[in-house]
Amino acid sequence: SDEKYKELEDTVGVPNEGDILLTSVGSIGNTWMVDKRKFYYKDGNVTQLEKTNYMNMKYIEYFIKSSVFLEQVNNSVSGTAYNALTIIKLKNIIINIPPLEEQKRIVEKVDSLMQLCDELENNIEQSKRNSERLMQSVLQDVFNNSNEENNQLSFGEFIKQKRKDKGITITNMLELLKDVKSSEYTKIEE
């Protein structure tokens with residue numbers, strides 16, 4: 001309820017927009033930047049990094065996801081029976097803090113590069129789907145039309161014939177499949 005939330009806010013505090021919640025036990029280093037939603041959490045496995053006026057919190061979040069941070073964390077928690085990024089260990093993490101304007105510029109650059117990576121990943125996935133559709137279309141055309149001809153090879157016979165060839169690429173294989181369609185191969189005797 002709103003009354004209970006207000007009570008918790010006044011007594012123990014709640015995360016504010018722009019704070020970062022950081023997993024500190026188990027899967028150390030997962031982050032979530034608090035948005036406008038009102039909520040309360042009580043979890044010793046999560047560390048709250050409060051938003052400040054002299055730090056760009058997105059810069060901090062990117063730092064936490066960096067290999068520089070993760071290497072320091074691994075060095076500080078390895079060899080212990082209980083892997084936890086305690087407040088003391090977190091305070092000993094070394095972070096390069098440029099001026100606020102530079103932090104903003106870095107965040108903008110990383111954001112634009114991440115967007116480019118997302119676009120490239122989407123393009124790669126679309127290319128894979130297009131390639132698969134093309135391959136299925138060619139295979140369907142080759143095998144459906146080859147069934148209509150009298151000189152047919154079984155797939156096994158086709159493979160035996162092609163086993164003699166070396167260095168077959170996907171493009172060559174597609175050409176060979178077209179050759180099957182044109183019935184240029186004779187049956188191989190067992």
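User: How do the residues lining the largest pocket divide into nonpolar, polar and charged?
Analyst: This is a predicted model: local features need pLDDT of at least 70, side-chain atom pairs need 80 or more, and totals for chains, interfaces and linings use all residues. Residues are numbered from 1 along each chain as its sequence is written, and side-chain values use heavy atoms, without hydrogens and water. Ala, Val, Leu, Ile, Met, Phe, Trp, Tyr, Cys and Pro count as nonpolar, Asp, Glu, Lys and Arg as charged, and the others, Gly among them, as polar. The lining divides into 14 nonpolar, three polar and two charged.

User: How much space lies in the largest pocket?
Analyst: A pocket is an open set of points on a 1 Å grid over the protein atoms alone, where a 1.4 Å probe fits, with protein on both sides within 12 Å along at least five of seven lines; lining residues have an atom within 4 Å of a point. Points are joined across faces, edges and corners, and the volume is the space filled by probe spheres set on them. Here the value is about 430 Å³.

User: Which of the lining residues are closest to the centre of the largest pocket?
Analyst: The lining has 19 residues. Closest to the centre are Leu49, Met55, Ile60, Leu90 and Ile95.

User: Which element gives the most to this lining?
Analyst: Helices (H or I, at least four residues) and strands (E, at least two) are DSSP runs, numbered from the N terminus. Strand 3 (46-49), helix 2 and helix 4 (87-91) each give two or more residues. With four residues, the most comes from helix 2.

User: How many residues of helix 2 are buried?
Analyst: Buried means under 20% relative accessible area (1.4 Å probe, protein chains only), exposed over 50%, partly exposed in between. In helix 2, Met57, Tyr59, Ile60, Glu61, Phe63 and Ile64 are buried. Of the eight residues in 57-64, that is six.

User: Which side chain joins that of threonine 31 in a polar contact?
Analyst: Threonine 31 sits in strand 2 (residues 31-33). A polar contact pairs N or O atoms within 3.5 Å; within protein, one must be able to donate a hydrogen and the other to accept it, and residues adjacent in sequence count only if both atoms are side-chain atoms. At 3.0 Å, the partner is glutamate 61.

User: How many helices and strands does the chain have?
Analyst: From the N terminus, the elements run α-β-β-β-α-α-α-α-α-α. The total is seven helices and three strands.
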